[in-house]
Structure formats: C-alpha cells, structure tokens
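Colleague: I have the sequence and the coordinates open. Can we go through the fold and its contacts one point at a time?

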Amino acid sequence: MKSIPLNNGIEIPIVGCGTNTYGKEGNQYSGALRGDTQEIDWAIENGYRHFDSAQLYLNEEVVGNGLKKSTLPREDFFITTKLNTFEGFKGADWAHAEIEKSLEKLQTDYIDLFLIHKPWDHHAEILEAWSILEDYYNRGVFKSIGVSNFEKEHLDLILEKGHIKPAVNQIKSQVGNWNEELIAFNKHHDIATVAWSPLRGIDENANQVLEEIGNQYGKTSAQVVLRYQIERDVIVIPKSHNKDRQAQSLDIFDFELSAIDHERIAAL
Ligand SMILES: NC(=O)c1ccc[n+]([C@@H]2O[C@H](COP(=O)([O-])OP(=O)(O)OC[C@H]3O[C@@H](n4cnc5c(N)ncnc54)[C@H](OP(=O)(O)O)[C@@H]3O)[C@@H](O)[C@H]2O)c1
C-alpha cells in the first residue's frame, strides 16, 4: 500500500476504506447496527489499513470492534473520524464529550486523523472547535487534524487565525464534479485532499469512456477513477459491501494512466 506524508510528516495510506454503511441492516445508511463486523473483517483481509469513520455514521463501534478483533497491532491502522457538526457546534463541553465517546467506540487512546465534518455559519465557533482539535493534537491524542467539506472561505479563516494548519480537507470529488479549484487551493496550502464518494457520479457516457481507458490496462472503470485520483495525490476512500470489489479498489498500483487518459478523465 502506498502512503503519502501529510504536512506534519504523518503518513496516510493513499487508499482508505469508506465505512458509512458498514455493519448496518440492509447496507442502508439509516439501518440499525447488525452486531457484526463483516465488511471491516473483509477489508482488513483485503489489505486495507486506513478506515474513514465519523460520529455522524453512528457506527464507529463497528470499526472499533473490527480492528480490535483482528490480530494486528493498533499502529498498523490509520483511523479517521469526524466531529459531528451537522447541527452546528454545541459548545466545548459537548465537543469534549463527543470526542471521548469516539475514542471509546473506536477502542483506542489516539486517533490518526480527526476532522471537523462540516463547516457552519459561525466563524468564531469554527475557530473555537478548531482550537479544541489543536489541544488534542498538542496532547498527542490526535496524530493529525483536519477538516471536511470546507470551502476556501473556511480554510482561509483557519489558515489566518488558527495555530495549526489543517493536514487534510476531505471533500466531494468524483466524475462530474472533480472539484478542481478547491483541490488546487488545498495543494497550494500543503493541505492533502481526500475524495469522498469517489465512485459515485459515473453515468453511462462516463462509464463508456472509463471502460475504454481501462481496457488498455485490464482494469475496470472504478479502478481507472481511483487511479486517476491517486496519480494526482488525491487520497481516496472507496466503500463496497462486496469483498471482491473491495479488493479491486486496492488493486490499482500496477498500471499508469497516460497524459491522454488524464485529459479524457478530467473532461468527464
Ligand atoms: N466527509 C463527508 O461529508 C463524506 C460524505 C460522503 C461519504 N464520505 C465517506 O466516503 C466513503 C465512500 O463514499 P460512498 O460510501 O458514498 O461510496 P463510494 O465509495 O463512492 O462507492 C459507491 C458505490 O460504488 C460501489 N463500488 C465500490 N467499489 C467498487 C468497485 N471496485 N467496482 C465497482 N463498484 C464499486 C459500491 O457498491 P457495492 O457495495 O455494491 O460494491 C458503492 O455503493 C463513505 O463510506 C464515507 O466514509 C464522507
């Protein structure tokens, strides 16, 4: 597995595993927890070591239980989770309590990457939340800190007023919405981009182009899309409920896209 260094020197595996429906009834986002860790077990067997979790998904314990069950040491894994800010920020005591719950559910005393899940309309509060993450970072509980779904305006705020630069901005980047400008902005500030839902948005036309490209290398459309992202240092977190497709999303390190392929994919 290829890893790349974040701006604080911490290495992040460039392909991670999305988890937002894992361990849930019917593989549904809003499904109740089934009580097993099947998809995490498969992912570990397939070679995934980087897992993307979030308080919002209500299944951090599925990730925690799965990793605990494996015989691998904690240091072999890279765990991301996110502060649930979908209803804004409910104060420092709330943030501390939510963070402690994440550590408990993930059954760990540190988190490799902790993100603010989403910005909200209150700059002073965003800075307060960021200073809480900085405090956990300074105490070594968070090995790196970052943000998700932040636009330039929110990043500028933290870059100007925060003490620690975000290591990551996790954003939507997929066929039909590559989010080029924001990726370039992140790169300019040495902030790594993680692409969420990297396999969505592939319509019939796009699939045809991707298949044509993939046929040159014996790869599928999904593999071409993931390869495109990692060739430009964008970290991807694909998710599958199928063990073979999980494996396929990792099998992208033995081919290289041409400049023409890049142009065609960028135009999708
Ligand atoms: N920060 C945020 O706001 C945010 C938002 C959304 C998502 N995320 C994160 O991003 C992760 C990934 O996004 P996602 O869950 O929306 O889906 P995704 O990875 O984009 O995958 C979409 C669908 O593609 C299929 N698939 C997976 N691997 C494949 C392969 N190798 N070949 C063909 N098809 C394949 C899967 O269906 P099958 O199961 O049938 O294979 C899956 O349902 C989430 O789990 C979550 O961790 C973050």
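Modeller: Start with S249, which sits in helix 9 (residues 243-250). Keep in mind that this is a predicted model.

Colleague: Is S249 buried or exposed?

Modeller: The cut-off for a buried residue is under 20% relative accessible area. S249 has a relative accessibility of 7%, so S249 counts as buried.

Colleague: How far apart in space are S249 and Y48, C-alpha to C-alpha?

Modeller: Along the sequence, 201 residues separate S249 from Y48. In space, the C-alpha to C-alpha distance between S249 and Y48 is 9.9 Å.

Colleague: Which residue of strand 5 stands opposite D52?

Modeller: Strand 4 (residues 50-52) and strand 5 (residues 78-83) run parallel and are joined by three bridges. In strand 5, F78 is the bridge partner of H50. The residue opposite D52 is T80.

Colleague: How many of the residues of strand 5 are buried?

Modeller: A residue is buried when its relative accessible area is under 20%. Strand 5 is mostly covered, and the count of buried residues is six of six.

Colleague: Which residues of strand 7 (residues 145-148) are buried on each side?

Modeller: In a regular strand, side chains alternate between the two faces of the sheet. In strand 7 both faces are covered. The buried residues are I145 and V147 on one side, and on the other G146 and S148.

Colleague: What is the bridge partner of I116 in strand 7?

Modeller: Strand 6 and strand 7 run parallel, with three bridges joining them. The partner of I116 in strand 7 is V147.

Colleague: On to charges. How many salt bridges are found in the whole structure?

Modeller: A pair counts as a salt bridge when a side-chain nitrogen of Lys or Arg is within 4 Å of a carboxyl oxygen of Asp or Glu. Searching the whole structure gives a total of 15.

Colleague: What parts does the salt bridge of D41 and K69 tie together?

Modeller: The side chains of D41 and K69 meet at 2.8 Å, N to O. The two parts are 28 residues apart in sequence, because D41 lies in helix 1 (residues 38-46) and K69 in helix 2 (residues 60-69). K69 counts as exposed, at 55% relative accessibility. The parts tied together are helix 1 and helix 2.

Colleague: How far apart are the closest N and O atoms of D135 and R139?

Modeller: Both residues count as partly exposed: D135 has a relative accessibility of 32%, and R139 has 48%. They form a salt bridge, and the closest N and O atoms are apart by 3.3 Å.

Colleague: Which residues gather in the patch of negative charge on the surface?

Modeller: One of them, D121, lies in the loop between strand 6 (113-116) and helix 4 (123-138). D121 counts as exposed because its relative accessibility is 79%. The patch consists of D121, E151, E153, D156 and E160.

Colleague: What distance separates the C-alpha atoms of H154 and D121?

Modeller: H154 is in helix 5 (residues 152-161). With a relative accessible area of 10%, H154 is buried. H154 and D121 are 33 residues apart along the chain, and their C-alpha atoms are separated by 9.7 Å.

Notes
Residues are numbered from 1 along each chain as its sequence is written. This is a predicted model: local features need pLDDT of at least 70, side-chain atom pairs count only at pLDDT 80 or more; totals for chains, interfaces and linings use all residues. Side-chain values use heavy atoms; hydrogens and water are left out. Patches are made of residues with over 30% relative accessible area and no salt bridge: like charges are joined within 9 Å, nonpolar side chains (Val, Leu, Ile, Met, Phe, Trp, Tyr) within 5 Å. Accessible areas come from the Shrake-Rupley method with a 1.4 Å probe; for residues, only the protein chains shown count as cover. Lys and Arg count as positive and Asp and Glu as negative; His and the chain ends are not counted. The place of a charge is taken as NZ of Lys, CZ of Arg, CG of Asp or CD of Glu. Helices (H or I, at least four residues) and strands (E, at least two) are DSSP runs, numbered from the N terminus. Buried means under 20% relative accessible area, exposed over 50%, partly exposed in between (1.4 Å probe, protein chains only). Two strands pair if DSSP finds at least two bridges between them.
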